[in-house]
Amino acid sequence: MKARVFVSLKSTVLDPQGQTVCSALRGLGYQSVSAVRQGKFFDIAIADGTTPEQARTEIETAAHEVLANPVIEEYRVELLDS
């Protein structure tokens, strides 16, 4: 089993990198692009024998305490079949 954690800035936090990418895309002719928000993701391998409930609890805790800064970022955890 694997987990994927998506981390992005909260919508109320300015995203200068996303704005720069948006400007670059529009400058390259991608006129339908109106906004870009930048983020990151983590692929995490889960040890054999771990239940989905255990995995979700541990990964949610790790995301909240280590992978994301909950003051300015939000995160989403997905469990994937291998």
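**A short tour of a predicted fold**

Let's start with two strands: β1 and β3 run antiparallel and are joined by 8 bridges. Strands count as paired if DSSP finds at least two bridges between them. Helices (H or I, at least four residues) and strands (E, at least two) are DSSP runs, numbered from the N terminus.

A quick word on the model, which is predicted: local features need pLDDT of at least 70 and side-chain atom pairs pLDDT 80 or more, while totals for chains, interfaces and linings use all residues. Residues are numbered from 1 along each chain as its sequence is written, and side-chain values use heavy atoms, leaving out hydrogens and water.

Now let's step back. The protein has 2 helices and 3 strands, and from the N terminus on they run β-α-β-α-β. The strands form an open sheet in the order β2-β1-β3, with antiparallel pairing. At its edges sit β2 (39-45) and β3 (73-80), each pairing on one side only.

What packs on the sheet? Helix α2 does, touching β1, β2 and β3, and its direction makes about 155 degrees with that of β3. Contact here means heavy atoms within 4.5 Å. For angles, axes are lines fitted to C-alpha atoms, for helices over the stretch in contact, and the angles run from 0 to 180 degrees between N-to-C directions.

Next, the inside. The largest nonpolar core has 10 residues, among them Val5, Val7, Ile59 and Leu67. Both β1 (2-9) and α2 (52-67) supply at least two residues of this core, and the largest share, 4 residues, comes from α2. Such a core is a set of buried Ala, Val, Leu, Ile, Met, Phe, Trp, Tyr and Cys residues joined through side-chain atoms within 4.5 Å. Buried means under 20% relative accessible area, exposed over 50%, and partly exposed in between (1.4 Å probe, protein chains only).

Not counting residues up to four places away in sequence, Leu67 touches Val5, Val7, Lys40, Phe42, Ile44, Ala62 and Glu73. Let's look at that last one. Glu73 lies in strand β3. Is Glu73 buried or exposed? Glu73 counts as buried because its relative accessibility is 15%. Leaving aside neighbours within four places in sequence, its contacts include Val7, Ser8, Lys40 and Leu67.

Finally, one for the other helix: just after α1, Gly29 takes a positive phi of about 105 degrees. And for the whole protein, buried residues make up 20% of the 82 residues.
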